[in-house]
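Hi there,

Here is the structure I promised to pass on to you. Have a look first, and then read on for what turned up in it.

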Amino acid sequence: EWLKLGCCCCHLNYRHRRSSSDSLAGAMADNQQKHTIVLMQFDKAQESRTYVDYESVQLALDGICHLYEQSLKASNPVLKSITYDISDLFGYIDGLGDLCCLVFNSPSNSYIPHNKEW
């Protein structure tokens, strides 16, 4: 069974093969409406640390896509159109000094941390 995952902000879509050992699909469905705080550090300097909070995991993922698009625009101000794919987005995320998503867990009334690999 195929699950279509996408980012509404950057209009990226990719297909992910769901298997019984794959928890991504279930985690994404379970986390859709959970308050999410994205903590990020853009480079090695601690001064580049910031955070943004979102009402859902999907909005947080869209926000990360939007940050990447803003980075592309800043790096290429004269280009009217820039094309990229999911591997470019993953490269951007991997290049960040740090990235963590804190997703609210109602039963424990706490936030569960997730790193870049999540």
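Let me begin with the inside. The largest nonpolar core has 15 residues, and those touching the most other members are Val 38, Ile 64, Tyr 68, Leu 89, Tyr 92, Ile 93 and Leu 99. At least two residues of this core come from each of E3, H2, H3 and strand E5 (98-105). The biggest contributor is H2, which gives 5 residues. Please keep in mind throughout that this is a predicted model.

For orientation, the protein chain has 3 helices and 6 strands. Read from the N terminus, its elements follow the order β-β-α-β-β-α-α-β-β. The protein chain is 118 residues long, and 32% of them count as buried. If you take the contacts between residues at least 6 apart in sequence, 43% of them join residues at least 24 apart.

**The two helices**

How do helix H2 and helix H3 pack against each other? Helix H2 covers residues 57-75 and helix H3 covers residues 86-95; their axes are 10 Å apart and meet at an angle of about 90°. H2 is therefore roughly perpendicular to H3, since angles of 65 to 115 degrees are counted that way. On the H2 side, the contact is made by Ile 64, Cys 65, Leu 67, Tyr 68 and Ser 71, and on the H3 side by Asp 88, Leu 89, Tyr 92 and Ile 93. Sorted by class, the contact of H2 with H3 has 7 nonpolar residues, 1 polar and 1 charged.

Tyr 92 deserves a click of its own. Not counting residues up to four places away in sequence, Tyr 92 touches Leu 67, Tyr 68 and Ser 71, along with Phe 42. Tyr 92 is also one of the core residues that touch the most other members.

Ser 56 has a relative accessible area of 5%, so it is buried. Its side chain reaches the backbone nitrogen of Leu 59 at 3.1 Å.

The next stop is a histidine. His 35 lies in the loop between helix H1 (24-31) and strand E3 (36-41). Is His 35 buried or exposed? Its relative accessibility is 19%, so His 35 counts as buried, the limit being under 20%.

Which side chains make polar contacts with the side chain of His 35? One is that of Asp 53, at 3.0 Å, and another is that of Tyr 111, at 2.7 Å. Leaving aside neighbours within four places in sequence, the residues in contact with His 35 are Asp 53, Tyr 54, Glu 55, Leu 102, Val 103, Phe 104 and Tyr 111. Take Phe 104 from that list: His 35 and Phe 104 are 69 residues apart in sequence, yet their C-alpha atoms are 5.4 Å apart in space.

**Gln 41 and Asp 43**

Now to a pair at the other end of E3. Gln 41 is found in strand E3, whereas Asp 43 lies in the loop between E3 and E4. With a relative accessible area of 11%, Gln 41 is buried; Asp 43, at 41%, is partly exposed.

The side chain of Gln 41 reaches the backbone oxygen of Asp 43 at 2.9 Å. Asp 43 uses its own side chain to reach the backbone nitrogen of Ala 45, at 2.9 Å. Setting aside residues up to four places away in sequence, Gln 41 touches Gln 46, Ser 48, Arg 49, Leu 96, Gly 97 and Asp 98. For Asp 43, leaving aside neighbours within four places, the contacts are Ser 48 and Gly 97. Asp 43 and Asp 98 are 55 residues apart along the chain, and 7.7 Å separates their C-alpha atoms.

**A loop residue to look at**

Lastly, there is Asn 109, in the loop between E5 and strand E6 (110-114). Its phi is near 55°, a positive value in a residue other than glycine. Asn 109 counts as exposed because its relative accessibility is 61%, with over 50% as the limit.

Happy browsing, and do write back with any questions!

Best wishes

Definitions and conventions: Residues are numbered from 1 along each chain as its sequence is written. This is a predicted model: local features need pLDDT of at least 70, side-chain atom pairs count only at pLDDT 80 or more; totals for chains, interfaces and linings use all residues. Side-chain values use heavy atoms; hydrogens and water are left out. Helices (H or I, at least four residues) and strands (E, at least two) are DSSP runs, numbered from the N terminus. Buried means under 20% relative accessible area, exposed over 50%, partly exposed in between (1.4 Å probe, protein chains only). Contact means heavy atoms within 4.5 Å. A polar contact is a pair of N or O atoms within 3.5 Å; within protein, one must be able to donate a hydrogen and the other to accept it, and residues adjacent in sequence count only if both atoms are side-chain atoms. Axes are lines fitted to C-alpha atoms, for helices over the stretch in contact, and angles run from 0 to 180 degrees between N-to-C directions. Angles under 35 degrees count as roughly parallel, over 145 as roughly antiparallel, 65 to 115 as roughly perpendicular and the rest as oblique. Ala, Val, Leu, Ile, Met, Phe, Trp, Tyr, Cys and Pro count as nonpolar, Asp, Glu, Lys and Arg as charged, and the others, Gly among them, as polar. A nonpolar core is a set of buried Ala, Val, Leu, Ile, Met, Phe, Trp, Tyr and Cys residues joined through side-chain atoms within 4.5 Å.
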